[in-house]
Amino acid sequence: MATDRKGLRCHVCTGCGLCPGVTARGSLAGKIHILTDETEGAGDTAPFLSGKYVAAIDLGTTTIAMVLYDEKGQTVDRMVAVNPQVNYGADVISRIQAAKEGAAEELRLAVFELLEQGLTKFAKKVPENCELTAVIAGNTTETYLLLGLDTEELGHAPFYASHLEAEEITIAGVSCFIFPGLSAFVGGDIMAGIYAADLAEREEITLLIDLGTNGELVLGNREKCIAAATAAGPAFEGGVNRGVWGADMVSLLARLKREELVDESGLLAEPYFDKGVRIGNVTVTQQAIRSIQTAKAAIAAGITILLEEYGITCGDIDRVILAGGFGYYLDPKDAAEIGLLPVELVEKTYAGGNTSLRGCRKAGSASRKDVTIRCKRIFDETKCINLAQVPAFAENYVSKMELRPI
């Protein structure tokens with residue numbers, strides 16, 4: 001069952017499909033397609049090798065999600081916990097600084113011990129005649145910290161990551177494969193998402209969007225891929241209006257716009273400017289609107305830059321995958337109404353669930369050699385761009401601040 005909930009929804013999506021309105025074949029009010037293995041080739045339903053249980057681990061900056069699968073690929077157990085490194089800072093920059101100031105080993109042990117706890121718990125569910133292995137995917141900073149690598153190079157220009165290879169470590173006696181990363185900004189969690197969605201294996205062009213504190217974007221197919229990351233802040237993770245998820249805020253903002261209570265510049269109508277406007281049991285404030293605006297502008301501008309770099313238009317994209325629980329609840333039409341997604345992409349948008357966990361689970365059904373080879377191919381064929389260094393990004397960011405369709 002879903003755990004660690006905020007209201008009626010989990011802090012992190014593990015793809016269980018048990019949240020209100022979400023099933024394995026549908027979504028809330030049927031407003032978004034759900035990525036399924038049978039129809040969209042997500043490719044994570046294959047059974048594991050006989051006698052093999054796999055723990056899939058999404059090593060997030062805020063939350064760590066662990067799911068145990070049996071030899072048939074069915075969920076046996078799950079554990080979701082706050083990343084204990086939050087005591088050293090809420091973001092990766094804070095943790096890089098803490099590591100630089102001498103807390104690197106404490107940061108490593110904090111996560112290592114939590115993973116040890118989870119794997120020890122899972123091991124008790126594994127029959128004596130079966131083997132437990134694990135697959136871990138995390139952003140580049142979290143991976144560095146877990147491996148005990150010096151994170152200083154990740155915290156300053158030119159933001160170079162010298163260690164991006166797949167790794168194997170042992171935790172609680174369990175052999176753990178760690179997904180390789182793509183750059184200092186685009187880590188193993190996104191590599192796992194690319195792997196889960198067969199993005200680099202398909203002819204169709206896919207846009208993968210992972211919305212969180214950082215918004216990662218990947219555009220491409222088996223010919224080539226382009227990846228980038230942009231800061232989105234807390235807007236998409238429920239940090240704008242306390243207790244209100246980002247997807248809900250997008251829909252509320254679209255409604256305010258339709259009812260002309262907020263204009264395209266993002267200003268609330270005069271009676272509501274100071275105290276906000278009440279919708280149901282939610283008060284939408286001017287500050288909350290600005291937070292959504294800045295976050296959606298960064299994502300929309302990033303999409304524009306990737307399209308230009310790739311040399312295509314929205315019409316050339318075959319499918320869009322929204323990663324995470326955010327995708328299950330986001331109404332693509334509302335997203336297009338405020339300019340988060342281009343209008344042309346609305347009918348092509350799918351909720352992919354936790355693609356990081358899906359990638360870990362899928363890797364569990366293949367040999368580690370094969371996974372490493374595929375990841376190496378993805379790495380070689382993916383160009384990572386630093387949006388902050390693209391002159392056109394700032395101009396696009398400003399233009400995308402307006403609440404209007406693009």
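## Overall picture

Of the protein's 406 residues, 57% count as buried. Keep in mind that this is a predicted model. The accessible surface comes to about 16,900 Å², and carbon and sulfur atoms hold 51% of that.

As for secondary structure, there are 11 helices and 17 strands. If you take the contacts with a separation of 6 or more, 66% of them link residues 24 or more positions apart.

## A look at helix α10

Helix α10 covers residues 368–381, 14 residues in total. From first C-alpha to last, α10 reaches 20 Å, close to the 20 Å you'd expect at 1.5 Å a residue.

Which residues of α10 are buried? They are Val371, Cys375 and Ile378. These residues sit on the same side of α10, because they cover an arc of only 55 degrees around the axis.

## Cysteines without bridges

Search the whole structure for disulfides and you get zero. A disulfide would need the two sulfur atoms within 2.5 Å. Looking from the other end, Cys384 has its closest cysteine sulfur in Cys225.

The surroundings of these two can be read from their accessibility. Cys225 is buried, at 3% relative accessibility, whereas Cys384 is partly exposed, with a relative accessible area of 29%.

How values were computed
Residues numbered from 1 in each chain as written. Predicted model: local features only at pLDDT ≥ 70, side-chain atom pairs only at ≥ 80, totals over all residues. Heavy atoms only, no water. Helix = DSSP H or I, 4+ residues; strand = E, 2+ residues; numbered from the N terminus. Buried < 20%, exposed > 50% of the residue type's maximum accessible area, 1.4 Å probe, protein only. Contact = heavy atoms within 4.5 Å. Areas by Shrake-Rupley, 256 points an atom, 1.4 Å probe, with all protein chains shown as cover. Expected span 1.5 Å × (residues − 1). Arc of directions from axis to C-beta.
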